[in-house]
Amino acid sequence: MILSFETLTQFERVISEYTGAPYVVLTDSCTHAIELCLRYKNPGPCFIPAHTYLSIPMTFHKLGIPYYYDAHNDWQYEYRLAPSNIWDSARAFDHGMYRADALQCLSFGHSKRLEIGHGGAILTNKQHEYTALKQMAYDGRDLQISPWQDQVNFCVGYHYNMRLEDAARGMFLLANGNLKNKESQLVEYPDCSKLNIDKLPK
């Protein structure tokens, strides 16, 4: 396979068809997908499970967004960063999984169902969210302008785009049904409320 920007577009379509999400923004990780959504939505204080991966409270801390732990949230495959419409869906990857009007953030890292080893994605049903989040993930670039040096006006962007080789591997794995067992996604996370994250510098 010859790798090009079209490889990314093809992988977007593949994930869209599989999950049922009208639009897919590819990223380099689920954590960065969540960060982009938080920067874009600026949701204000959120509740997150006490038992989750460390990067979630770290991201809130880095962005200066207040967060509170919900000790009673016994989530399994995904959870909402309540009361926002942003979901940490790192442990979920199922056919038709998309939730209407949600921003669901996926992971393709090690041990995930679609184990590319690297990468993530944002699922949405709104074209304006797709356009804005994709531009943010690509250094503020308008991908309709080529070469990028011809672009004059930029939004603030972040170098969080997926690598071409990861998109190609993802399509290969999905086409061949190489998905990890769903039950393998039920893992134990530490209680992040007991960690001294708020004492770290931002």
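1. Ground rules: residues are numbered from 1 along each chain as its sequence is written, and side-chain values use heavy atoms, with hydrogens and water left out. Because the model is predicted, local features need pLDDT of at least 70 and side-chain atom pairs count only at pLDDT 80 or more, while totals for chains, interfaces and linings use all residues.

2. Helix H1 (residues 5-19) packs on helix H5 (residues 164-175) at an angle of about 40 degrees, with axes 9 Å apart. Helices here are DSSP runs of H or I with at least four residues, and strands are E runs of at least two, numbered from the N terminus. Axes are lines fitted to C-alpha atoms, for helices over the stretch in contact, with angles from 0 to 180 degrees between N-to-C directions.

3. Contact means heavy atoms within 4.5 Å.

4. Strand S2 (residues 46-49) runs parallel to strand S3 (residues 67-70), joined by four bridges; strands pair if DSSP finds at least two bridges between them. Phe 47 has Tyr 68 in S3 as its bridge partner.

5. Finally, the axes of helix H2 (residues 30-41) and helix H4 (residues 127-137) come within 10 Å and cross at roughly 115 degrees. Among the residues making this contact are Leu 36 and Arg 39 of H2, and Glu 129 and Met 136 of H4.
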